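Open the model in your viewer and keep the selection tool at hand. Here is a short tour, stop by stop.

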Amino acid sequence: MRERLEALRDEALAKVAVAKDVKALQDVRVAYLGKKGPITEVLRGMGKLSAEERPVIGQMANDVRDAIKVQVELKEKELEAAAIEKQLANESIDVTLPGRPVQGGSTHPLTQVVEEVEEAFLGLGFSVAEGPEVEVDYYNFEALNLPKDHPARDMQDSFYFTEELLLRTHTSPVQARTMELHKGKGPVKVICPGKVFRRDDDDATHSHQFMQIEGLFVDENVRMSDLKGVLEQFAKSFFGEDRQIRLRPSFFPFTEPSVEVDVSCGMCGGKGCRVCKQSGWIEVLGAGMVHPRVLEMSGFDSTKYSGFAFGMGVERLAMLKYDIDDIRHFYTNDIRFLAQFKRV
Ligand code: PHE
């Protein structure tokens, strides 16, 4: 029996030594140490042994079992460590590889122009005011000296929700709203950027929705020369130091006198070219001295206060500045177009 146990031990340890994976190791353990294994069998046959031999063989059987158990456990740890090593080797990552670049977005060119105009006017002491895009007839027209049935309403074909409610056709209603808030006390010095809407057939230069920036300055002794100075300053900062402006008489119901403001053509420097239609000048905005009736309607004493207002199209400014030939580029959001306006 002694030899049999020693043979079993050597046999089992040899198999443990060559086991290639945890599964093979488990098979060895079950085969030798399991309930139906040879060692259990030896222990079961102990009854047949003599009284002296029984403890000796019993002790030996236990030793053999423990020896196999210990080796199986050692081998198991070894195999597990090897498996982890292998996994680490296979799944290693090269931390020195360059990363994939993240595609950064950019501000829409119209937003950029609005921000640039805002900055120019903030520098001149203006602040920014906003108003609703769905406007009441009173602020969009009446408070701007455009009573119901006034023919000048035709200049701005409109989208109405009801008789009294419409999509604003210009940013001028924000003038009236802002003056009202000041309760007859100057100075009022704001610019008002925002979306406006007019019934129009869309083409390369027209859109039923576009953006405007309105400007308003009301105080004592505000004169036409102040308007000219502010706009000249703006034209130079937005388009370039070498630009000039000129004022031409025009008409708006809410300003008197009213002017159309041209800026000298940046393409030819004023000599005349295709861009300025040989005139040397490009029209950029409408302006004028706030009509006394508009001041009065919004709560200002027109004998004490005067003011100027102007309004310009953001798309038009952007098209002139960046030589863009179709207003629709701003709304179709082709990434190839937008990506050209990335600020660095
Ligand atoms: N609201 C006018 C327009 O949309 C522009 C303008 C504003 C003209 C302020 C004069 C003064 O055409």
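Is Phe330 buried or exposed? Select the residue and show its surface. This is a predicted model, and in it Phe330 is buried, with a relative accessible area of 2%. The cut-off for buried is under 20%.

**Stop 1**

**Stop 2: two tyrosines**

Searching the whole structure gives 15 aromatic pairs. Go to Tyr138 and Tyr139 for one of them. Their ring centres are 5.2 Å apart and the planes meet at 75°, so the pair is edge-to-face; the cut-off for that label is over 60 degrees. Now colour by accessibility. Tyr138 is partly exposed, at 30% relative accessible area. Tyr139, at 13% relative accessibility, counts as buried.

Return to Phe330 and Phe337. These two rings also form an edge-to-face aromatic pair, with 5.9 Å from centre to centre and 75° between the planes.

**Stop 3: a phenylalanine cluster**

Select Phe121, Phe126, Phe217, Phe234, Phe238, Phe239, Phe308 and Phe310 together. They form one aromatic cluster.

**Stop 4: the largest pocket**

Next, show the elements around it. Helices H7 (172–181) and H10 (314–322) each supply at least two lining residues. So does each of the strands S5 (209–219), S7 (255–264), S8 (281–290) and S9 (306–313). Which strand gives the most to the lining? Highlight S8, which contributes seven residues.

Colour the lining by class. There are 24 nonpolar residues, 13 polar and 13 charged.

**Stop 5: the coiled-coil annotation**

Select residues 65–94. An unreviewed UniProt entry places the feature "coiled-coil region" there. In the model this span is 87% helix and 0% strand.

**Stop 6: the whole chain**

Zoom out and colour by domain. Domain 1 covers 2–90 and domain 2 covers 109–341. How far apart do the C-alpha centres of the two domains lie? The separation is 94 Å.

Terms used:
Residues are numbered from 1 along each chain as its sequence is written. This is a predicted model: local features need pLDDT of at least 70, side-chain atom pairs count only at pLDDT 80 or more; totals for chains, interfaces and linings use all residues. Side-chain values use heavy atoms; hydrogens and water are left out. Domain bounds come from an automatic or database domain assignment. UniProt positions are given in the numbering used here, feature names are shortened, and annotations may be inferred rather than shown by experiment. Helices (H or I, at least four residues) and strands (E, at least two) are DSSP runs, numbered from the N terminus. Ala, Val, Leu, Ile, Met, Phe, Trp, Tyr, Cys and Pro count as nonpolar, Asp, Glu, Lys and Arg as charged, and the others, Gly among them, as polar. Rings of Phe, Tyr and Trp (its six-membered ring) pair if their centres lie within 6.5 Å; planes under 30 degrees apart count as stacked, over 60 as edge-to-face and the rest as tilted. Buried means under 20% relative accessible area, exposed over 50%, partly exposed in between (1.4 Å probe, protein chains only).
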